[in-house]
Amino acid sequence: VLIGLLPALMHPDPQRAMALGLGIGATPYGMSRDPRLGRLDVVEICGGELEIQRELARRGAMESQRLLADPRIQMHVGDGRKFLLASPVRFDVLTVDVVRPQAAFSGNLYSVEFYELLRSRLDGDGLVAQWLATPRTFNSVSAVFPYVMRFSVASYDGSQFFIASQQPIVFDRQRILDRLQTMTSTGAFSPAQVQSITQFLSTVEPAAPSGGAAAATRED
């Protein structure tokens, strides 16, 4: 959820977004909870995952129901890289939720060339977010994007994800929390989710790559 939610909250005006990979649906769901979002394209190469979401919705899963019923969300079955190559659109937020790096051909989705493709499809101040699978992943994304923030989720076994951009990234904690409060007042998340997300955003200290001030934190 955080990988989709946080870049949306951090962006000043996330009108157009794309989720490369549906996964269990949590990443695009988190992003879509921001009411400022105008359109979200979700591209998943494994069509069976979309069928799973439909079945979950039929069984009463609130998140799946909202994901499938939201008119701002367009689901596509296909290759996310091909979608980006063919699309003239520039996105405000791009998230990546794909295969683990141990899978065959996963290098196509963790390579410098892949991050160059993402960079070419971002709007000027656009943000890209992805699970930080390995230290090599961080090296690759840092070779392409001049500004990168790394986040560690202590409650999830210390798992990490990054947010990268072509422009300086400002982590304005209070503004992010204010936007979250606006979202949660509409029932976007369960009380337990709200507590967990708020705890994370209130205490997390984003880290920039070593060797330079590639990110800034604002508390005012």
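Colleague: Which residues do ring pairs link into a cluster in this predicted model?

Modeller: Phe151, Phe161, Phe171 and Phe200. The whole structure has six aromatic pairs.

Colleague: Why is the pair of tyrosine 29 and phenylalanine 189 called edge-to-face?

Modeller: Look at the planes: they stand at 85 degrees, with the ring centres 6.1 Å apart. Pairing needs centres within 6.5 Å, and planes over 60 degrees apart count as edge-to-face, so the pair gets that label. Tyrosine 29 sits in helix H2 and phenylalanine 189 in the loop between helices H8 and H9, 160 residues apart. Both of these residues are buried.

Colleague: And what makes phenylalanine 151 and phenylalanine 161 a stacked pair?

Modeller: Here the angle between the planes is 15 degrees, and the centres are 5.2 Å apart. The cut-off for stacked is under 30 degrees, so that's how this pair is classed. Phenylalanine 151 lies in strand E6 and phenylalanine 161 in strand E7, so the pair ties together parts ten residues apart in sequence. Phenylalanine 151 and phenylalanine 161 are both buried.

Colleague: How do you know that the charged end of arginine 150 sits over the ring of phenylalanine 138?

Modeller: For one thing, the distance to the ring centre is 4.8 Å, and the limit is 6 Å. The charge must also be within 35 degrees of the ring normal, and arginine 150 does count as sitting over that ring.

Colleague: Why is aspartate 157 called exposed?

Modeller: Its relative accessible area is 82%, and exposed means over 50%, so aspartate 157 qualifies. You'll find aspartate 157 in the loop between strands E6 and E7.

How values were computed. Residues are numbered from 1 along each chain as its sequence is written. This is a predicted model: local features need pLDDT of at least 70, side-chain atom pairs count only at pLDDT 80 or more; totals for chains, interfaces and linings use all residues. Side-chain values use heavy atoms; hydrogens and water are left out. Helices (H or I, at least four residues) and strands (E, at least two) are DSSP runs, numbered from the N terminus. Buried means under 20% relative accessible area, exposed over 50%, partly exposed in between (1.4 Å probe, protein chains only).
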